[in-house]
Amino acid sequence: MKGGGIENPAFEAPSSVLGRQYYARAGAATALPAEPGPDLEEGPCGWGPCSPRALQFCNNAEGYLAAYSLLAIFQGIVVNGLINISISTIEKRYELNSSLTGLISASYDIAFCVLSLFVSYFGERGHKPRWLAFSAFMLGLGSLVFSLPHFGSGKYQYFGSKIEDTCQTAETTFANATCNASKNSSLHKYLYVFILGQLLLGVGGTPLYTLGTAFIDDSVPKHMSSLYIGIGYAMSLLGPAVGYVLGGQLLKIYIDIQIPKRQDTTYTKVDQDDPRWLGAWWIGFLACFFAIWLLIIPFSCFPKHLPGTAKIQAEKISETHDDGSQILVHNIGQSFKDFPMALMILLKNPVLMSLIIASSSEALVATGFATFLPKFIENQFGKTPSFSATLGGLVLIPAAALGQVISGILVSKCKMSCKGIIKFMISTCSVSLILNTVFLFAKCGNEPFAGVSETYNGTGTLYNLTAPCNADCKCSRSMYYPVCGSDEVQYFSPCFAGCTSYIFNNVKKTYHNCSCVGKTKRENGSEDFLYEAVPGKCPTQCKFLPLFLTFFFFAVVFTFMATTPTTVAILRCVPDKQRSFALGVQLVFLRLLGTIPGPILFGVAIDKSCTLWDINECETKGACWAYDNERMAMLLMGISAACKIITIIFVVTAVYFYKPPPLIKALPRKTSKKISAIH
């Protein structure tokens, strides 16, 4: 074989005879080597008559892959990195619960879902690189819009101007004032701005993963397609990794950059350990807005087809699922009138639909964990929001990228046929299901929390913050300011701990005379510490975090090892003229059945495990302050396991229904393998 052409006499004769029979029957342009079609307009890299010689070094598949990867990275930074890591902060800042923030996450997929079919159908014969220039424009605009609520919501006020956090026997008028302020608060209205930003991001993401991926498959030999697509997908996962790390660092910066100075000595300076701390979530979105718009320049200069595309297309051999649809698709796609027929052909392809449902099931789990993994680590293992986000990104994203690259290399090096690729997916999904059992033995119990997970030293009742020891304190439940008692029990606030006095020790408050705090558990404790509490949550006693992260890492690796093979199998099991459209159909179902319900379902499951809601003075429920860890772990494991079982069932169904085209079936076994290898 020279230059990708078929020169082996062992299968040249049968391919010429059987191939022409198949071509005559089905009219499939890809059934055997053919001359380049008239629509493959190859050209130089540039803008019309302006085609600098330096740009021609990038006028190839590698140059396009570099630009595609950069756009995928920034798309991942914004959509799957910065947004996911900012969820907890946005919840607290704009008084939203997890179900509503799940809706924000799903808005991207709603826009993607609405536009995907039309963009992939009409863009198939259009100028794909220019579609990606439009993609960069919309992604940058969406990133800008998503940051706007910060500039319209004013300075963050983490409590009112007059408040005492210790036990007060006389009730103050602060509650009524705050209630009136809460009723007039318009923070929750910024939900619609976040949704608009996500919709714009969805519009921008649509061409990237339909037309952009199909353009890669058009421009490289078939046996290299999985490698190039795997690299592109891995780069798209590098984006969330950067987003998680960058966002985690930005959350260490105060939301308004400068912490407000308080003149009253009764106030403590808020720091990162304080649950009222909110980080500067918005900075990353502004930076990405400028960076993404710069990528409009390279995409606008690529030609409609890269040099050498016609030759590559002429040498490819079809592995389209043999269901007779090849005859129908030969001349469709020229106008909108063909849209319903083209769609029905794909919907009636049992192999395609089985792969689509399987990938949608996996997407539901992947999107749910991508959105709420930082929150899971934060609450399950008692870590700070910034550390949880950074840790989640460092584990989740590299594992996903590694899985993409490994599977792309294996499919390329082993030269797997379409059926072999689908069988490979069964094994990866099965291993991932087994590793999913980490939730059974690496979960943490609830830390002692007075009035939530245990009573006040035997007094009071569960799920009631008021007990005889603080009944006269007139405490407000609207101010969540947890303290850790010397008895290693967490209390909702110094007031609910019954603390009547405090002192400043190295600029940090230490509370004393706490009537609800039991006997100290410290060794060699003295009377000075018998009734003491310090700001912040108590350190967790759970040591399962390394074990959880190890198992979860490999579970993610094997989960994403099925992603690139799924895309390659979809591109191979449909006629060439419907490849972009098939990816569009896949991504519609991926959104409808996977990434849209995923964050919402996970958000509802997490809310179901809430044990302490933020109830303000107006008795309005806000965000959740504390969760039942075991219930949360079991609910998430149940959702994940059920989805993976569904995935395995439909991948097995795809293997059962797949029928290779007659050209490959009619040849001797060794010859068929050689044809599959020379893609």
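This is a predicted model: local features need pLDDT of at least 70, side-chain atom pairs count only at pLDDT 80 or more; totals for chains, interfaces and linings use all residues.

Modeller: Cys 538 is buried, with a relative accessible area of 13%, where buried means under 20%, exposed over 50% and partly exposed in between, using a 1.4 Å probe and protein chains only. Residues are numbered from 1 along each chain as its sequence is written, and side-chain values use heavy atoms, with hydrogens and water left out.

The partner of Cys 538 is Cys 484, joined by a disulfide with 2.1 Å from S to S, a disulfide being a pair of cysteine sulfur atoms within 2.5 Å. This pair links distant parts of the chain, 54 residues apart, with Cys 484 in strand β1 and Cys 538 in the loop between β5 (532-535) and α18 (545-560); here helices (H or I, at least four residues) and strands (E, at least two) are DSSP runs numbered from the N terminus. The torsion about their S-S bond is about 105°, so the link is right-handed, and Cys 484 is buried too, at 11%.

The structure holds six disulfides, among them the bond from Cys 475 to Cys 495, which is left-handed, with -90° about the S-S bond. In that pair Cys 475 is partly exposed at 21%, whereas Cys 495 is buried at 6%.

Finally, Cys 573 is buried at 0%, yet its sulfur is 5.5 Å from the closest cysteine sulfur, in Cys 418, which is too far for a bond.
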